Amino acid sequence: MNHNTRLTQTFIGAMVLAATASSVYAGLGSHTLHSFYALALLALAAATSRLKVKLPGIEGNMSVNLPFLLMAVINLSAVEAVLIASASTVVQCWPQPDKKFRPEQMLFNVSMMAFAASMANLIWNANWLSKASGSSLPLMLSAATASFFLGQTVPVAAIIKLTQSTSMRGAWVSIVQLSFPYFVVSAGVTTMLNLVSSRFGWEAALVVFPVMYGIHHSYRLYFGRLSEALRTPAPLARAVSAGM
């Protein structure tokens, strides 16, 4: 076992502990369960988790279930939000029949998403944030989304550094450049979805499914072209650019 392998396993273990501690701490402050709403969000998050695109230049992918995870964070208990994030991550990362199952990768991804969801829930329910923002939904949701964003991207950048021996800062910047617009769009979609759901009921969440499919299709086309550009040799890329 080489040095990087030991560090990777240690980091995954630390991620599991961090996810467990943050989930338990967040869960202690919320006890109300919303069975039908939670099941609906779980179904939508799991379904859209399979709508994923590969991030160009990085060993990883991104699914379009974030609005449903954010809806769970701001409307459900911490326990429900963590369970929905974890279960949808299992669905997202479950390999195709021709691919090998990697338990350590699954463990890291589930722990990372549980940690991000619990931290976002803690931020959303923080009294100091409610007072500072005047209970403004957009500002509070922005803070929760930022917490979710950091809870996902920083651990992913760290694991990329350990497994690929690259710069963590460089990996994080690459992830931010690729995924930050999606987090901004997801926060906007979540705000609108929450307002519609509060007026017409949680069933209105079904309306956003076609929207997320459209976003997935757009990202798939964009990332596909970006991947081709990254694979194109520099002289050819300049020639193609000059001909456009």
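## Stop 1: the nonpolar core

This is a predicted model. Begin in its largest nonpolar core, which has 50 residues. Select Leu41, Leu69, Val73, Leu76, Ile84, Trp124 and Phe148; these touch the most other members. Now colour the elements that give two or more residues to this core: H1, H2, helix H3 (66-75), helix H4 (78-93), H5, helix H7 (137-164) and helix H8 (168-200). Which of them gives the largest share? That is H7, with nine residues. As a general point, nonpolar side chains tend to be buried together in soluble globular proteins.

## Stop 2: valine 73 and asparagine 121

Stay on valine 73 and show what surrounds it. Setting aside residues up to four places away in sequence, valine 73 touches Ala81, Ala117, Ala120, Asn121, Trp124 and Phe148.

Move to asparagine 121. It sits in helix H5 (residues 103-124). Is asparagine 121 buried or exposed? Its relative accessible area is 3%, so it is buried, the cut-off being under 20%. What does its side chain meet? Draw a distance to the backbone oxygen of valine 73: a polar atom of the asparagine 121 side chain lies 3.1 Å away. Then select the contacts of asparagine 121 beyond its neighbours within four places in sequence: Ala26, Val73, Leu76, Ser77 and Ala78.

## Stop 3: helix H2

Select residues 35-49. This is helix H2, with 15 residues. From its first C-alpha to its last it reaches 21 Å, close to the 21 Å expected at 1.5 Å a residue. Next, pick out its buried residues: Tyr37, Ala38, Ala40, Leu41, Leu44, Ala45, Ala46, Thr48 and Ser49.

## Stop 4: aromatic pairs

Show the rings. A pair of aromatic rings is described by the distance of the centres and the angle of the planes. The count here is five aromatic pairs. Select phenylalanine 11 and phenylalanine 108: they form a tilted pair, 6.2 Å centre to centre with 40° between the planes. Phenylalanine 11 lies in helix H1 (residues 3-28) and phenylalanine 108 in helix H5, so this pair ties together parts that are 97 residues apart in sequence. Compare the two by surface: phenylalanine 11 is partly exposed at 23% relative accessible area, whereas phenylalanine 108 is buried at 5%.

Now go to tyrosine 182 and phenylalanine 183. How are these two rings arranged? They are edge-to-face, with centres 6.1 Å apart and planes at 75°. Tyrosine 182 is buried, at 2% relative accessibility. Phenylalanine 183 is buried too, with a relative accessible area of 7%.

## Stop 5: zoom out

Clear the selection and show the whole chain. Switch to a cartoon: there are 10 helices and two strands. Follow the sequence and you will read α-α-β-β-α-α-α-α-α-α-α-α. Colour by burial next: of the 244 residues, 43% are buried. Look at contacts with a separation of 6 or more: 74% of them join residues 24 or more positions apart. Finish with the surface. The chain exposes about 13,200 Å², and carbon and sulfur atoms supply 66% of that area.

Conventions
Residues numbered from 1 in each chain as written. Predicted model: local features only at pLDDT ≥ 70, side-chain atom pairs only at ≥ 80, totals over all residues. Heavy atoms only, no water. Helix = DSSP H or I, 4+ residues; strand = E, 2+ residues; numbered from the N terminus. Buried < 20%, exposed > 50% of the residue type's maximum accessible area, 1.4 Å probe, protein only. Polar contact = N/O pair within 3.5 Å; in protein donor to acceptor, adjacent residues only side chain to side chain. Contact = heavy atoms within 4.5 Å. Expected span 1.5 Å × (residues − 1). Areas by Shrake-Rupley, 256 points an atom, 1.4 Å probe, with all protein chains shown as cover. Phe/Tyr/Trp six-rings, centres within 6.5 Å; stacked < 30°, edge-to-face > 60°. Core = buried A, V, L, I, M, F, W, Y, C linked by side-chain atoms within 4.5 Å.
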